[in-house]
Amino acid sequence: MARPEKPRFSRKRRTVIAGVAAISSQVIMPIATYATTKRPTSVGREKMDVDRFVEDCLIANQESDAQAAVREVLAKAVSTPNAVISALGEPENAGLNVLLSSSTLTIFAATWTPQMNLMPHDHLMWANIGIYTGREDNIFWERSADGIKASGAEALFVRDAASLPEDAIHSVTNPLLRFTGGIHIYGGDFFDTTRSQWNPETLEEEPSDGAVIRGIFQRENERLGLGSNS
Ligand SMILES: [Fe+2]
């Protein structure tokens, strides 16, 4: 299988925050200086400060390259995965734990049951994914004259923080016999955007949105007799 010329994911592992962040609507300063002089960071403790993490993402989302700036915040968070688990809990079902839902930024913890699969789908907005437990395997798809075809793959492990462009199409598998958890961040309103998914067997394109994705996660819990919190 041929890989695309450029990786669909750009990723950084175990990165240290760099770059700039706005601490108000007017003031811009280096994140490193900001983090060490103005207030405690949202991560690096025994338990992640979820409110501070969301706030840091909102600040980063004001940058000219918002996706890269938000990814830096995400990479820092998942560099201490136990702190994320302490804050969000060990995954126990298929879930979408929404931390922020707005018109310009959506943040949720996606939890995957053992060997759970999600069919090919697009987002129509940039996406960053950071893994705090388990593993997410991605197959990338591209539109073709006959629908979509697989074009590449990427396995994401704990502490990986990856970026997907706006036009990405991917399917996701948890290949493990245990739960996986990842923080997913989108540069728009994930739940109120109509987009597409593709039937996993026929690859027929179908409409999708947040409600459809929630339904898929809920049915996975019903299938396994698990409670649902999404
Ligand atoms: Fe996705």
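A: Glutamine 115 counts as exposed because it has 12 C-beta neighbours inside 10 Å; a residue is exposed with 12 or fewer other C-beta atoms within 10 Å of its own, buried with 20 or more, and partly exposed in between, the C-beta atoms being placed from the backbone. The model is a predicted one, in which local features need a pLDDT of at least 70 and side-chain atom pairs count only at pLDDT 80 or more, while totals for chains, interfaces and linings use all residues. Residues are numbered from 1 along each chain as its sequence is written.

Glutamine 115 is found in the loop between E5 and strand E6 (117-122). Strands (E, at least two residues) and helices (H or I, at least four) are DSSP runs numbered from the N terminus. Although glutamine 115 is not a glycine, its phi is positive, about 60°. Most residues other than glycine have a negative phi. Arginine 159, another residue other than glycine, also has a positive phi, near 80°. Arginine 159 is found in the loop between strand E9 (147-157) and E10, and it counts as partly exposed because it has 18 C-beta neighbours inside 10 Å.

E4 and E5 run antiparallel and are joined by 6 bridges, and a hairpin of 4 residues connects them. Within this pairing, asparagine 97 has alanine 109 of E5 as its bridge partner. E5 and E12 also run antiparallel, with 7 bridges between them. Here alanine 109 stands opposite isoleucine 183 in E12.

Two residues are in contact if their C-beta atoms, placed from the backbone, lie within 7 Å. Not counting residues up to four places away in sequence, isoleucine 183 touches Leu74, Ala77, Val78, Ile107, Ala109, Gly130 and Tyr132. Isoleucine 183 is also one of the residues that touch the most other members of the largest nonpolar core, which has 43 residues; the others are Cys57, Leu74, Ala77, Val78, Val84 and Ile185. Such a core is a set of buried Ala, Val, Leu, Ile, Met, Phe, Trp, Tyr and Cys residues joined through C-beta atoms within 7 Å. Two or more residues of this core come from each of H2, H3, H4, E5, E7, strand E8 (135-144), strand E10 (160-164) and strand E12 (180-186). H3 gives the most, with 7 residues. In soluble globular proteins, nonpolar side chains tend to be buried together.

Just after H4, glycine 89 takes a positive phi of about 90°.

H3 also holds alanine 69, which counts as buried because it has 24 C-beta neighbours inside 10 Å.

For the protein as a whole, the secondary structure comes to 5 helices and 14 strands, and buried residues make up 39% of the 230 residues. Of the contacts between residues at least 6 apart in sequence, 70% join residues at least 24 apart.

Finally, confidence must be considered. The mean pLDDT, the predictor's confidence in each residue from 0 to 100, is 86 for the protein, and 80% of its residues reach 70 or more. Over residues 1-7 the pLDDT is below 50, and this stretch has 4 contacts in the model beyond near neighbours in sequence. Over residues 12-40 the pLDDT stays under 50, and the model has 40 contacts for them beyond four places in sequence. Where pLDDT is low, the predicted coordinates should not be read in detail.

Notes:
Pairing = 2+ DSSP bridges.
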